[in-house]
Structures are given as structure tokens and as C-alpha cells.
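Let's take a walk through this structure together. Keep the sequence and the 3D view open as you read.

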Amino acid sequence: MTQWRGRVISLADDTWNYRDEHFIKLLIEQNPDGICSIDSTGLLIRTNPALCTLTGRTQQELIGTHCFSFIAPENLRNVWKAIEDVMDGQKTTTVSTFVRHKSGSKFKATVSISPLCSQSGVIGCYLVMKDCSKEQDTEELLQTTQKILVYAQQIAHLGSWELNPRTQIAICSEEIFRIFGLPYTGYLPIIKILDHIHPDDREPMEQQMIDLLHGQPYDVECRIVRPSGEIRHIHARRQTMSEGKHKRIVGTIQDMTDNKRVQEALMQSEKLALVGQLAAGIAHEIRNPLTSLKGFLNFMAKGHFEDHYMDIMQSELTRIEAVTSELLVLARPHPVQFQTIDLYEHLSKVVELLQPQSMMRDVSVVLQECDQQVHVECDPSQLQQVLINVVKNAIEASASGYQVRLSIDTSHTEHVSVRIADTGQGIPAEHLNKLGTPFFTTKDKGTGLGLMVSKKIIQSHGGDLTVASELNKGTVVTLTLPRRQHSPGPRSVE
């Protein structure tokens, strides 16, 4: 039993005084850090096994040598100054240094220096050395990772930020400041960010910022104005991350200006290519009938004239007129006059209009019955133009004795689809993606403009026109239109 600091401590059969030299010796020898004591001149008096391991030397090699024997030369002055400060009365100090191993290698360590006292005063120092090489490796790896992240953000023109909802201040990466053209400070108040939003985009972005503070996600594009007056396009995203009771709002801002310019250049290039393609097609489609007209006029100028010349010339002029009319539809489409119509009744009228042509080709056009009223908002004349064009193509593609089937798909509440299916030879797969382009056609005397105009009309109605085909089985054209939200009533079917 022993009393220590006013408490009685029992350690079974063995009672130790915590100031006992033997106990202190055990603590030093079993300590994982390197420990040694030095006299006032710096010579080693005692070492522990850990110091021998760290320096690669035995106790015999260390004791009696100067502590400088394992301190890197570039750190000698700092270490000795710290020892002198402790010898002069400073209680404890810590210094960073590189330690030399016997093999010649070096590692980073921290050395804590404490005074070694006797009754006569400070007679030396205790040195406790901690190996920091692993911590150094981790720190260097972290620094390298941070540098790579900075370079990656510069390459991608992508900056990151973290917002404190309480202070409304965002801690931002360097790239954020480069995007905004601002000096790097490490943080930006939200109000300062809003000051740089383009005036035309500021109001919606203010609402986005309010939603942001309430934890709502956003994914928006807007323009910013740099202090120099330059306008840049940015893409901003954010999300909320929970860490226990706290929420972190983090996000990114990417400079999309260069991408926008590339996209605009590509669109302009595509427009120019389309204009060139269109011009070449127009030249081809009009030049052929003009050549015929010129030839017949030359015949007539030389006194040659036959009655059928006029019929041929009239036919060629009609062809030129048809091409120019379709081009005018593309160039100056008529304003859409929307009305609510019964789609089934509209299809019935189209079938009736095309009945003479279907009978001449011995092709039957069958409209499948629909057991409910289907209403759509459309321009009746334009929709009729599309239906006539598509059904007429289907009739011409079908062989004698076959059918063209029309049906209405009412399975969706948001839209309605009209399917026109023929039983013709079908269209090769490599030609499907070319349908609807100017002057591409699978018909001998087609221009390709009819399908192009039809697709444009359907798209102006908020719908779509798609074509599916299989060789030797036929083609299906599907017209999809928004469905008018109207209570469907029963249709009388005889």
C-alpha cells in the first residue's frame, strides 16, 4: 500500500511509488518514441531502445556521442538554439527536424526538449523524438491531391463551393474566382454572387438562391458579367449533404462559354450545310423541267409543233410550281389556327377524300373503329395536309389488292397517336434516318419535301412524326399529338 497525491493505491503484492526510478526507467524503455538524456554540452547520457531503432545505432554507438550525430546538418542551428533556450530556463519546447539514419537516409521528426534538473539547477535535457515520416507522407499526398484537384478544375473550368446557410457565405475554390474574374479570397457572400449575375437572368436566379437556402436542389444555366464587362455563360448545380445534425450545401459552377461558342459554331455549320444541300436539291429539281421546257421551246421556234407538247410543258411547269410551293411552306409557314376537333371524324374525311385514288390503285384504306371520342387541338387544314400526304404515300407504296390500315391509339392520357400502316416493300434501314431531309425520297418522282413539311407541321402542334419500316413487310408512320384534356364520351359504333 502506498499513498500518492492523497490517495491510497493498492497494486496487489507489489507497491510502487510513481516517482521510483525503476518505474521511470520502465516507462522510458518501453516508450515507442525515441528518448535520450544529454548533458549541458549535448553529449548523450542515456538512450532507450526506440531511439536506437529510429537512428539505426546501438546504445554503445550513441552514448557518449553528441546529439548532433543524428540531427540533419540543415537543422543543427534550430535544434541547438531550442536546447539552449531550455537550458536557460524555458520549461519545454518542440522543434521539427530531419533525423539521419545510420544508413544515410533521413526522416522527419518532432523533438520535444525538457530540462533535466538537479538540486544545483539545470544540468541537461531530455529529448523525446517522434517519427513523423508517415504523417509527412500523408500531408504530401494531401497536398499533391489538392494540386491535382486545382489543375483538374482549371482544365474543366469547374469550380466547387460549400455554403453555410446561417451566414450565407460560400467557401469557394480558386476556379470560382477565375470564372467570375475576381481576386481570390477563399469565400464569397451570396449577395456578392448575385451582383455578378446578368440583369436579364438575375430575377430567376434570386429565386433559385432562396430555394438553395431552403435546401431545394437546382441545376440551372445563366449568364454572369465580369468586372471587365465580359459576359460568360455558367452552369450551376448543387445538392444537400447531411452530416449528423448538420447539413452541408455543396455545389459546382462550370464556365460553359467556350462550349456555347462551339455549339453555336456547329449549329451555324449545320445550317450552312443544310442551305447548301437545299440549294443543290432545288437546282436539280427545277433544272430538269426547265431543260425540257427549253427544248420544246426550241422545237416550236423552228416551226415544229404538236399538241402533246403543250401537255408536257404544262406538266413540267406544274412540277416547278409544286417544288416552289413546298419551299414556301418551309420558308413562310402559315400561322396555326388551333381548333378542337374530333380526330376520328377528321380521319374519316381524309379516307373519303382519298377513296378515288385508292380505288384506282386497287388498294383499300381501312380506318379501325374507335370506341371513344378523341379530341385534339390543331389547325384542321394543316393536319389534313399531313394526313393526306402520309396516307397517299402509303397507298402508292402498297401493291394492288393490299390494305392501308389507319388506327388511333388512346392508351395514353397525355397524348394520342395515329398509326398509318402500309403493306409495301418497306424502306432499307440505312435510309430511315435520311427521311425528312430535303430532296431525299424513295419515290421515282418525289422531292422529299412533303415529309419534311409534314414533320414540321406536327412539331409546330407540339407532337412528333416517326417512321418505322421493315423490308418486305411494310412501313408504319406514327403521328403523335397532345391530347386535349376533355372527358371522353362514348362513340356509337354500328
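Start with the largest nonpolar core, which has 35 residues; a nonpolar core here is a set of buried Ala, Val, Leu, Ile, Met, Phe, Trp, Tyr and Cys residues joined through side-chain atoms within 4.5 Å. Leu343, Leu383, Val391, Val404, Leu406, Ile420 and Leu479 have the most contacts inside this core. Among the elements that each supply at least two of its residues are helix 11 (343-353), strand 17 (403-409), strand 18 (415-421) and strand 20. Helix 13 gives the most, with seven residues. Helices (H or I, at least four residues) and strands (E, at least two) are DSSP runs, numbered from the N terminus.

Before going on, a word on the ground rules. This is a predicted model, in which local features need pLDDT of at least 70 and side-chain atom pairs count only at pLDDT 80 or more, while totals for chains, interfaces and linings use all residues. Residues are numbered from 1 along each chain as its sequence is written, and side-chain values use heavy atoms, with hydrogens and water left out.

Now look at helix 13 itself, residues 380-397. Its buried residues include Leu383, Val386, Leu387, Val390, Val391 and Ala394, where buried means under 20% relative accessible area, exposed over 50% and partly exposed in between (1.4 Å probe, protein chains only). Not counting residues up to four places away in sequence, Val391 touches Val350, Leu354, Val365, Leu406 and Ile420; contact means heavy atoms within 4.5 Å.

Next, hop over to strand 20 (residues 474-482), which pairs with strand 19 (residues 464-470) in the antiparallel sense over seven bridges. Two strands pair if DSSP finds at least two bridges between them. Three residues sit between these strands in the hairpin, where Asn472 takes a positive phi near 65°. Ser469 has Thr475 as its bridge partner in strand 20, and a polar contact of 2.8 Å also joins their side chains (a pair of N or O atoms within 3.5 Å; within protein, one must be able to donate a hydrogen and the other to accept it, and residues adjacent in sequence count only if both atoms are side-chain atoms). Thr475 is buried, with a relative accessible area of 8%.

Finally, there's an open sheet of five strands, in the order 4-3-7-6-5, with antiparallel pairing. Strand 4 (44-47) and strand 5 (93-100) are the edges, each pairing on one side only. Strand 3 (residues 34-39) joins strand 4 through three bridges, and Ser37 has Arg46 as its bridge partner in strand 4.

Conventions:
The expected span of a helix is 1.5 Å times one less than its number of residues.
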